[in-house]
Protein chains: 2
Amino acid sequence: MHISAKCSVAVHCLIFIYEYGEKAKVTSELLSRSTGINPVTIRNILSSLKKDGIIDVKSGTGGATLKCAPSEITLYRVWKAIEPDFLAKLIGVHSTPSELCPVGRNIHDVLDSTYQKIRDDLSSGLSSITLEDVLREYHGALEREDKSVF
Amino acid sequence: MHISAKCSVAVHCLIFIYEYGEKAKVTSELLSRSTGINPVTIRNILSSLKKDGIIDVKSGTGGATLKCAPSEITLYRVWKAIEPDFLAKLIGVHSTPSELCPVGRNIHDVLDSTYQKIRDDLSSGLSSITLEDVLREYHGALEREDKSVF
DNA sequence: ACCTCCTGTAAAATTTAGATTTACATCAAT
DNA sequence: ATTGATGTAAATCTAAATTTTACAGGAGGT
């Protein structure tokens, strides 16, 4: 799974947990069915989110709940929790250049400084979006869905 | 290879072609040795760059040369040439959600609109960087390299 | 206390996407 | 013609990651 898809799964889970976490017992099995991703991968994702303090997972009895206000959960935080060096993976350089070639020797330095601004922009973009924003979109989509039924 | 790494290889090739394309015959074999990527993949990359009009590759006798001024070659153009839907691949959504779940049914719409701004930022960031800028970095790195010898 | 359900991991098996290899038709210059 | 290169296509290989399987450990209900 592409790292961005993995983070999308994480957001999917967070929406689900926000919506149902208080009323029902949200297990990895349930999230697995909703996302289409197997339970072990879901547990790994939840585990990362838990370590970051974004959610709480009851061990033993099971069930996940949000531990933060949606407005405090930025996409940056989620991506970082799932994959600490997501920036380098997302905007990266090939690792095989030849040390014998002037271009090969320097390509890493050159592209790293070139990519820095892009990475920074990406970071601040992700930082500016919170789960609250995503939930707003989600509820909008739900409403449109309801209307289309009638 | 991650798509960003592939585009980095493309930029690597472009630097190489700029530096040596006029003096020497820059073949896929040569670029293969410099980048550490096999000749066929290099030829595929060159083929994409050629189709976009960024470079010219002499068929028959061989050798690649730039067809544009470095100032006209933006990173956006390069990435787009290599992978037309790189934005969706870079910032994407999992494709397996359940249609039976409200979250699953809507996650694609929700995240697509959420990601739109991020994708736009990324586009304009990549559009604002040209091969000219990269070459400037490269020549700076070369100078530092020379100095460190003495 | 026991039983059940779930988490948290680890290890093995499987998948799959992509790279590499191989092959060859085509083209241009010597 | 011969040589050396491109441009693809097809087969093979590889490596990364998911999925499967397995199991120890925790928490609550009976």
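Student: How many residues of chain B are in contact with chain A?

Tutor: In this predicted model, 49 residues of chain B are in contact with 49 residues of chain A, where contact means heavy atoms within 4.5 Å. Local features need pLDDT of at least 70 and side-chain atom pairs count only at pLDDT 80 or more, while totals for chains, interfaces and linings use all residues. Residues are numbered from 1 along each chain as its sequence is written, chains are lettered from A and ligands numbered from 1 in the order in which they are written, and side-chain values use heavy atoms, with hydrogens and water left out.

Student: What area is buried between chain B and chain A?

Tutor: About 4100 Å² is buried between them, and carbon and sulfur atoms give 66% of that area. Buried area is the accessible area (1.4 Å probe) that two parts lose on being put together, summed over both.

Student: Which three residues supply more than any other three of the area that chain B buries against chain A?

Tutor: They are H94(B), V103(B) and I118(B), which supply 13% of it.

Student: Which rotation superposes chain B on chain A?

Tutor: A rotation of 180° with 0.0 Å of shift along its axis does so, with an RMSD of 0.0 Å. That is the relation of a two-fold axis. The superposition is by least squares on the C-alpha atoms of residues with pLDDT of at least 70 in both copies. The same surface serves both copies, as 100% of the contact residues of chain B recur in chain A.

Student: Now the helices. At what angle do α6(A) and α6(B) cross?

Tutor: Each spans residues 102-127 of its chain, and their axes come within 10 Å and cross at roughly 165°. That makes α6(A) roughly antiparallel to α6(B), a term for angles over 145 degrees. Helices here are DSSP runs (H or I, at least four residues), numbered from the N terminus. Axes are lines fitted to C-alpha atoms over the stretch in contact, and angles run from 0 to 180 degrees between N-to-C directions.

Student: Which residues meet there?

Tutor: I118(A), L122(A), G125(A) and L126(A) meet I118(B), L122(B), G125(B) and L126(B).

Student: How do α1(B) and α3(B) pack, and what is the angle?

Tutor: Helix α1 (residues 3-20) and helix α3 (residues 39-51) of chain B pack at about 75°, with their axes 10 Å apart. They are therefore roughly perpendicular to each other, as angles of 65 to 115 degrees count as such. The contact of α1(B) with α3(B) has nine nonpolar, no polar and one charged residues.

Key:
Helices (H or I, at least four residues) and strands (E, at least two) are DSSP runs, numbered from the N terminus. Angles under 35 degrees count as roughly parallel, over 145 as roughly antiparallel, 65 to 115 as roughly perpendicular and the rest as oblique. Ala, Val, Leu, Ile, Met, Phe, Trp, Tyr, Cys and Pro count as nonpolar, Asp, Glu, Lys and Arg as charged, and the others, Gly among them, as polar.
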